[in-house]
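Me: I'd like to learn how to read a few features of a protein model. Could you walk me through them one at a time?

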Amino acid sequence: MTLKVAAVQMVSKNKDYAGNRQRAEKAVIEAICKGAELVLLPEFSLAGYLYTDEFWAVAEPLKGKTYAWQKSLSEKHGIYIGNCILEKDKNDFYDTFILTGPDPHHLWTHRKIQAPGHESFLFKGVGINTNVFDTPIGRIGVVICFDSAKAHALS
């Protein structure tokens, strides 16, 4: 089985969620038009990446506005989309990868295993957690940024 995958590169501006979402959606649609079945967006593509307290304002629950947007695109176009959000879960924050697909009941998630020094002031690493998903289009493995430097993330 072959799978056409698109890795999006886009301008992501801090504190411009609406603009980032428009740019991301344009890139996703372009990838779909070229036959992509799985589209991957950059880490914090919609939130931007701030190293200030303003970062907390872009945090959202796992099934928040980014999930709703992403899920609607997946269902509408029959594709899979992966993206990282700043997840707020009670009093903690995580760099969380979310994968949506066309089936309304599917959501795959992976939280960053370990935040590097400067990021550890912004969000938590959670240690080893599921990073390989069995999906209808095959097994998909996820490693977020700094975690790729860790052997346990690749096993």
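Me: Let's start inside. Which residues line the largest cavity?

Reply: The largest cavity is lined by Tyr17, Phe44, Leu46, Ala47, Glu60, Thr66, Cys84, Ile85 and Leu86. On a 1 Å grid over the protein atoms alone, a cavity is a set of points where a 1.4 Å probe fits but cannot get out, and lining residues have an atom within 4 Å of a point. Before going on: this is a predicted model, where local features need pLDDT of at least 70 and side-chain atom pairs count only at pLDDT 80 or more, while totals for chains, interfaces and linings use all residues. Residues are numbered from 1 along each chain as its sequence is written, and side-chain values use heavy atoms, with hydrogens and water left out.

Me: How much space lies in the largest cavity, and what is its lining like by class?

Reply: About 40 Å³, where a volume is the space filled by probe spheres set on the points, and grid points are joined across faces, edges and corners. The structure holds one cavity of 30 Å³ or more. Its lining has seven nonpolar residues, one polar and one charged (Ala, Val, Leu, Ile, Met, Phe, Trp, Tyr, Cys and Pro count as nonpolar, Asp, Glu, Lys and Arg as charged, the others, Gly among them, as polar). Strand E3 (residues 80-89) gives the largest share, three residues; helices (H or I, at least four residues) and strands (E, at least two) are DSSP runs, numbered from the N terminus.

Me: Is Phe44 buried or exposed, and what about Lys90?

Reply: Phe44 counts as buried because its relative accessibility is 1%, and Lys90 counts as exposed because its value is 71%. The cut-offs are under 20% relative accessible area for buried, over 50% for exposed, and partly exposed in between, with a 1.4 Å probe and protein chains only.

Me: On to salt bridges. How many does the rule count?

Reply: Side chains of opposite charge can pair when their charged atoms come close. The rule asks for a side-chain nitrogen of Lys or Arg within 4 Å of a carboxyl oxygen of Asp or Glu, and the count comes to eight. One of them joins Glu75 and Lys71 at 3.9 Å, N to O; both lie in helix H2, four residues apart, about one turn of the helix. Glu75 is partly exposed at 39%, while Lys71 is buried at 5%.

Me: Which parts does the Asp89 and Arg111 pair tie together?

Reply: Asp89 forms a salt bridge with Arg111, with the closest N and O atoms 3.0 Å apart. Asp89 lies in strand E3 and Arg111 in strand E5 (residues 107-111), so the pair ties together parts that are 22 residues apart in sequence.

Me: And what stands opposite Asp134?

Reply: Arg139 in E7 does, and the two form a salt bridge with the closest N and O atoms 2.9 Å apart. Asp134 is exposed at 56%, and Arg139 is exposed at 60%. Strands E6 (residues 132-135) and E7 (residues 138-141) pair in the antiparallel sense over four bridges (pairing needs at least two DSSP bridges between two strands), and a hairpin joins E6 to E7 through two residues.

Methods
1 Å grid on protein atoms, 1.4 Å probe; cavity = no way out; pocket = protein on both sides within 12 Å on 5 of 7 lines; lining within 4 Å.
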